[in-house]
Amino acid sequence: CEASLRVFKIKRDAKGNIERYKARLVAKGFMQREGVDFTDVFAPVSKHTTLRALLAFVAEEGMHLHQLDVKTAFLNGKLEEDIYMVQPPGYEEGGSHIVCHLRKALYGLRQAPRAWYTTL
C-alpha cells in the first residue's frame with residue numbers, strides 16, 4: 001500500500017496579497033518498488049531542437065500552431081497497475097483498515113508521466 005501526504009501552498013498576487021490557498025494530495029512514490037508497484041516509467045520528451053525545427057516549419061509554410069497545456073495532466077492518466085493507497089490522514093472513511101484503490105494517477109507516483117502519455 002502506498003502512503004500519501006498533503007502539500008499546502010499559498011498563492012499570492014504581484015503585490016504579495018494572498019490570492020488563494022491550494023492543497024494537493026501527493027503519493028509517496030519513492031516507496032514504490034520496480035516490478036512490484038510499477039513496470040514502465042518512460043514517457044517521451046521532446047528535445048529543444050525538435051521544437052525549433054517544428055516552429056521553423058510552421059512559420060515557413062504559413063501554418064497555424066495550437067498549443068495545449070493541461071495543468072492537471074498527471075491526474076488524468078489511467079493506471080494500468082493495481083495500486084492501493086492508505087487513506088490520507090484525517091480522512092478515514094469506513095475505518096483505518098480501509099484502503100483506496102487508485103484508478104487514476106496521483107502526483108508523486110513513479111508511473112504518473114507514463115500513465116498520462118498512454119492516456120493521450
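Glutamate 81 is buried, at 18% relative accessibility. Buried here means under 20% relative accessible area, exposed means over 50%, and partly exposed lies in between (1.4 Å probe, protein chains only). Glutamate 81 belongs to strand S3. Strands are DSSP runs of E with at least two residues, helices are runs of H or I with at least four, and both are numbered from the N terminus. The model is a predicted one: local features require pLDDT of at least 70, side-chain atom pairs count only at pLDDT 80 or more, and totals for chains, interfaces and linings use all residues. Residues are numbered from 1 along each chain as its sequence is written, and side-chain values use heavy atoms, with hydrogens and water left out.

The side chain of glutamate 81 has a polar contact with the side chain of glutamine 111, at 3.4 Å. A polar contact is a pair of N or O atoms within 3.5 Å; within protein, one must be able to donate a hydrogen and the other to accept it, and residues adjacent in sequence count only if both atoms are side-chain atoms. Glutamine 111 sits in the loop between strand S4 (99–104) and H2. Glutamine 111 counts as buried because its relative accessibility is 2%.

The C-alpha atom of glutamate 80 is 8.2 Å from that of arginine 103, and the two residues are 23 positions apart along the chain.

The overall architecture comprises two helices and four strands. Their order from the N terminus is β-β-α-β-β-α. The chain has 120 residues, of which 22% count as buried. Among contacts with a separation of 6 or more, 61% join residues 24 or more positions apart. Contact means heavy atoms within 4.5 Å. The accessible surface is about 9400 Å², and carbon and sulfur atoms account for 55% of that area. Accessible areas come from the Shrake-Rupley method with a 1.4 Å probe; for residues, only the protein chains shown count as cover.

In soluble globular proteins, nonpolar side chains tend to be buried together. The largest nonpolar core in this chain consists of ten residues: Ala27, Leu79, Ile83, Met85, Leu102, Ala105, Leu106, Leu109, Ala112 and Ala115. S3 and helix H2 (112–119) each supply at least two residues of this core. The greatest contribution is that of S3, with three residues. A nonpolar core is a set of buried Ala, Val, Leu, Ile, Met, Phe, Trp, Tyr and Cys residues joined through side-chain atoms within 4.5 Å. One core member, alanine 112, is in contact with Phe74, Ala105 and Leu106, leaving out residues up to four places away in sequence.

Leu51, Leu54, Leu55 and Leu65 make a nonpolar patch of about 340 Å². Patches are made of residues with over 30% relative accessible area and no salt bridge; like charges are joined within 9 Å, and nonpolar side chains (Val, Leu, Ile, Met, Phe, Trp, Tyr) within 5 Å. Leucine 51 of this patch belongs to helix H1 (residues 48–61). Leucine 51 counts as partly exposed because its relative accessibility is 40%. Methionine 63 is partly exposed, with a relative accessible area of 45%. Beyond neighbours within four places in sequence, methionine 63 touches Phe57 and Val58.

The count of salt bridges comes to one. A salt bridge is a side-chain nitrogen of Lys or Arg within 4 Å of a carboxyl oxygen of Asp or Glu. The pair is glutamate 19 and arginine 20, with the closest N and O atoms 3.5 Å apart. The side chains of glutamate 19 and arginine 20 also make a polar contact, at 3.5 Å. Glutamate 19 is located in strand S2 (residues 18–27). Glutamate 19 is exposed, at 51% relative accessibility, while arginine 20 is partly exposed, at 41%. Apart from residues up to four places away in sequence, glutamate 19 touches Lys11, Arg12 and Asp13.
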